[in-house]
Amino acid sequence: MDAPLAAAVADSLDRRIISALQIDGRASWHRIATALGEPERTVVRRGTRLLDSGLVRIGAMAVRGRSTVVGVRCAPGRARVVATALARRPDCVFAHVLTGTWDCVAEVQCPRDRLAGLVMDELPGLPGVVRTLTLPVLRHVRTIREWHAGLLTETEIAALADGTPAPPAPAATTPPAPADLLPPFDGVGELSRADRLLVNALAEDGRCTYDELARVSGVSEATARRRLGVLRREGRVRVRAVIEPLLLGLPVEAVLWVRAVPAEVDAVTAALAESPHVRYVSFVTGERQLLVLTAFPHEAALHEFVTRSSWLREAVSVDVSMVLGSLKRGGMLAPWLHG
């Protein structure tokens, strides 16, 4: 299966288009072409091919509460079953099967007033679970929304994030805030029926037109456009481009559990967030403050990263788990789990 995927994205332009969709999955082909400085016809043709092939999927996920990372140790032979059960939860953001101490790791969204039920009842009740580790996320440093594998310049990123082309800017200029924000509150409340229908449509196709969203949700096109804008700005809905890192030439994925000197945590997280190999960083509770999801072109690059990086001077320990399989990314189930 990997070989066809790798062959499907043969050059840097395809990968740059993918990176643009990671920044804003609903960006028009015209905006992407303008930001990348490429002919619009070429971007339309290549981008449409990527979406039609299923190599890149755009979806949306309603925010259901604050994030909690869950590690699970499973009975022998049950890791895939447990990870699948976690992935099928509507509040699950990602689920990966791992090597090492924990057989799988997942992020779920759970209001803090429901966390006790998740820890004491729901997770232990999954068939095959032997032990669980529950780590509430205190702060997201980077999510897949901000990761683009270092293939775009700051000017290109700004143009895509703003929706308008940006002039060249000094390296020290702070890029604009992403469109999808973390909720500053614990419970997000119930969405209206029209908003639920809109989000459900986006979950299936994150690039469906405002006209299609209007017809599905029973509102005018102007209202659909306005409501989606509000939901995204409030952090209640996140639109994501979901890909396999393999498509960007990064087939080796690993989860790092990092324990840093407390006074140096900010320095470590800043250094991690600068690396194009770091897809996700969260500050979590527990013995190890940082959960890091990474992707590399080969195992030698992973070894280099965890033995010679400058941030290791402030790290007390780093545990490395290889990703054996991903059952959910960005709130979207792996294609083979549908049905």
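Trainee: What kind of model is it, and what are the ground rules?
Mentor: The model is predicted, so local features need pLDDT of at least 70 and side-chain atom pairs count only at pLDDT 80 or more, while totals for chains, interfaces and linings use all residues. Residues are numbered from 1 along each chain as its sequence is written, and side-chain values use heavy atoms, with hydrogens and water left out.

Trainee: What volume does the largest pocket have?
Mentor: About 920 Å³. A pocket is an open set of points on a 1 Å grid over the protein atoms alone, with protein on both sides within 12 Å along at least five of seven lines. Grid points are joined across faces, edges and corners, and a volume is the space filled by probe spheres set on the points.

Trainee: How does the lining of the largest pocket split by class?
Mentor: There are 17 nonpolar, six polar and 13 charged residues. Ala, Val, Leu, Ile, Met, Phe, Trp, Tyr, Cys and Pro count as nonpolar, Asp, Glu, Lys and Arg as charged, and the others, Gly among them, as polar.

Trainee: Now the cavities. How many of 30 Å³ or more does the search find?
Mentor: Three, over the whole structure. A cavity is a set of grid points where a 1.4 Å probe fits but cannot get out.

Trainee: What lines the largest cavity?
Mentor: The lining has 19 residues, with Val93, Phe94, Ile144, Arg240 and Gly330 nearest the centre. The volume of the largest cavity is about 240 Å³. Strand E3 (92–98) gives the largest share of its lining, three residues.

Trainee: And which residues line the second largest cavity?
Mentor: Gln22, Ile144, Trp147, Ala241, Val242, Ile243, Arg279 and Arg329. The second largest cavity holds about 50 Å³ of space, and its lining divides into five nonpolar, one polar and two charged residues.

Trainee: Switching to helices. At what angle do H8 and H9 pack?
Mentor: About 130 degrees, with the axes 8 Å apart; H9 covers residues 210–217. Axes are lines fitted to C-alpha atoms, for helices over the stretch in contact, and angles run from 0 to 180 degrees between N-to-C directions. H8 and H9 are therefore oblique to each other (under 35 degrees is roughly parallel, over 145 roughly antiparallel, 65 to 115 roughly perpendicular, the rest oblique).

Trainee: Which residues meet there?
Mentor: Ala194, Leu197, Leu198, Ala201 and Leu202 in H8 meet Leu213, Val216 and Ser217 in H9, where contact means heavy atoms within 4.5 Å. By class, that contact has seven nonpolar, one polar and no charged residues.

Trainee: What about H2 and H4, how do their axes cross?
Mentor: The axes of H2 and helix H4 (residues 40–53) come within 10 Å and cross at roughly 75 degrees. H2 and H4 are therefore roughly perpendicular. Their contact divides into seven nonpolar, two polar and three charged residues.

Technical notes:
1 Å grid on protein atoms, 1.4 Å probe; cavity = no way out; pocket = protein on both sides within 12 Å on 5 of 7 lines; lining within 4 Å. Helix = DSSP H or I, 4+ residues; strand = E, 2+ residues; numbered from the N terminus.
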